[in-house]
Amino acid sequence: MKEVVVLGAGYAGLKAVRKLQKESGDFHIILVDRNDYHYEATELHEVASGSQPREKISYPIKDVLNLKKVTFIQDSVTKVDRSSQTVSLANTSDLHYDYLVVALGFCSETFGITGAQENALQMVDVNTAEAIHNHIVKTMTKYRETKDRNYLRLLICGAGFTGIELAGAFVDERKKYAELAGVSPEEIEIICVEAATSILPMFKKELAQYGTELIEKLGITLMLGSMIKEIKPGEVVYAQGQDAQELQTISAETIIWTTGVSGSPVMAESGFNQRRGRVVVANDLRDPDHPNVYVVGDVSAFMDPETNRPYPTTAQIATRMGAHVGKNLARQLKGEEPEDFSYTSQGTVASVGNTHALGEVGPAALKGYPASVLKKVIMNKSLLDIGGLKELLARGRFDLYH
Ligand SMILES: Cc1cc2nc3c(=O)[nH]c(=O)nc-3n(C[C@H](O)[C@H](O)[C@H](O)COP(=O)(O)OP(=O)(O)OC[C@H]3O[C@@H](n4cnc5c(N)ncnc54)[C@H](O)[C@@H]3O)c2cc1C
């Protein structure tokens, strides 16, 4: 009996297992994740703001497995040894595999900026997202005692996709924070510190401009052209403008780091040919050096033949890769050759709170209500795709009319 080991039960890993477990044959699957639940990473900002409880964006992994074909192990992967075909885990004995799928996802990228890891809050999983919300509740309460306005300031490092979605979710919750602090909602400051001089580069100029105006209209302060140099406890040190020598500071009791992500550190630890935790995979999604190892989701870099650059890492491509690997493994287990993967993005939609969004689907630019509805439809599709109908009904976003 062949052993297929899948590392990570995020979009890519869980989708691969769900696809492969439908096949029959002489194989068994082992799925490993450090948590016993799957979470929708695309909605972490809602847990961080307090708009959603953690249960709304996560569900037990075992609920969606066929336990006759899949064994689930809750443990942390520490290393992969491709020459001996073994996986080391933190608390359980080593696993042997015939086929391996590495889908360990993303972690925060600090670009070596001093203090970013230690002095800023990270938002990389459900626990860190929940910790941000708990922290905000504490700081708002602290304002009542101290009257120090730093406790009212929510400072987001980075105005990329994640930073903007987080800032939008904070706007939705502003009233609740204000009640805790005993101030008016306008006194809660939401600030994004960003090195670039414009935002939303993934969208065409006109749509990006609309997004910038929307964000500012909602009361989010964009500090553009501000290059972060260091994070000190309660303080961000930055230079204004590319060549600026003089450093400036802005203080806040809540500082959140959202400037970028890299692939899991396990990739470097295991000697993969990686850059920032990502492996450039072959056309069929295999590790070019090892034909029995697939690398998918945020730990992989799949080249876009048009731009000759890797496609951006997203849940959308991770899910598609997972499905493809499930199919390719089924082929390999039957002695057939794996097929090449191809990808066309179905579009990108960024939410700015629950009722505002903007995005592009094909050539069409979407704004306002239609974009916000589409965002929820995309979330629901993801739940259906990976969790099935039961998870969609339990956790879907059906507040489409607002
Ligand atoms: C706030 C936010 C909003 C986003 N919005 C969008 C969006 O709108 N659209 C979009 O397409 N993408 C979006 N993304 C990006 C998207 O979430 C990622 O690209 C996607 O999660 C990658 O999927 P994955 O399966 O590779 O990894 P992940 O979703 O990161 O899953 C990795 C899994 O591996 C497990 N794991 C990690 N390390 C270990 C270990 N050492 N041992 C055991 N288990 C481990 C984790 O517990 C997790 O279950 C967003 C991301 C964020 C943070």
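Colleague: How do you know that the side chains of Asp63 and Lys390 meet in a salt bridge?

Modeller: First, a word on the ground rules. This is a predicted model, in which local features need pLDDT of at least 70 and side-chain atom pairs count only at pLDDT 80 or more, while totals for chains, interfaces and linings use all residues. Residues are numbered from 1 along each chain as its sequence is written, and side-chain values use heavy atoms, with hydrogens and water left out. Now your pair: the N to O distance between the side chains of Asp63 and Lys390 is 3.3 Å. A salt bridge asks for a side-chain nitrogen of Lys or Arg within 4 Å of a carboxyl oxygen of Asp or Glu, so 3.3 Å qualifies.

Colleague: What makes this pair a link between distant parts of the chain?

Modeller: Asp63 and Lys390 are 327 residues apart. Asp63 sits in the loop between β4 (58–60) and β5 (70–74), and Lys390 in helix α10 (residues 389–395). Those labels are DSSP runs numbered from the N terminus: helices are H or I with at least four residues, strands are E with at least two.

Colleague: Why is Lys390 called exposed, but Asp63 partly exposed?

Modeller: Buried means under 20% relative accessible area, exposed means over 50%, and partly exposed is in between (1.4 Å probe, protein chains only). Lys390 has 55%, so it counts as exposed, whereas Asp63 has 41% and is therefore partly exposed.

Colleague: What makes Glu187 and Arg149 a salt bridge as well?

Modeller: Their N to O distance is 2.7 Å, so that pair also meets the cut-off. Glu187 lies in the loop between α5 (161–181) and β13 (189–193), and Arg149 in the loop between α4 (126–146) and β12 (153–157), so the bridge ties together parts that are 38 residues apart in sequence. Glu187, at 25%, counts as partly exposed, and so does Arg149, at 37%.

Colleague: Why is Lys376 called buried?

Modeller: Lys376, a residue of helix α9, has 4% relative accessibility, so it falls in the buried class. Its side chain makes a polar contact with the side chain of Asn354 at 3.1 Å. For that term, two N or O atoms must be within 3.5 Å; within protein, one must be able to donate a hydrogen and the other to accept it, and residues adjacent in sequence count only if both atoms are side-chain atoms.

Colleague: And what makes His45 buried?

Modeller: His45, in helix α2 (residues 44–49), has a relative accessible area of 4%, so it is buried. A polar atom of the His45 side chain lies 3.4 Å from the backbone oxygen of Thr42.

Colleague: Which residues form the nonpolar patch on the surface?

Modeller: They are Leu384, Leu389, Leu393 and Phe398, with about 430 Å² of accessible area together. Patch members need over 30% relative accessible area and no salt bridge; like charges are joined within 9 Å, nonpolar side chains (Val, Leu, Ile, Met, Phe, Trp, Tyr) within 5 Å. Areas come from the Shrake-Rupley method with a 1.4 Å probe; for residues, only the protein chains shown count as cover. Leu384, found in helix α9 (residues 368–387), is partly exposed at 41%, so it passes the area test.

Colleague: What makes β11 and β14 edge strands?

Modeller: The open sheet of 5 strands has the order β11-β18-β12-β13-β14, with parallel pairing. β11 (121–122) and β14 (220–223) each pair on one side only.

Colleague: How do you know that β11 pairs with β18?

Modeller: Pairing needs at least two bridges found by DSSP, and 2 bridges join β11 to β18 (residues 254–257), so the pair qualifies. In β18, Trp257 is the bridge partner of Gln122.
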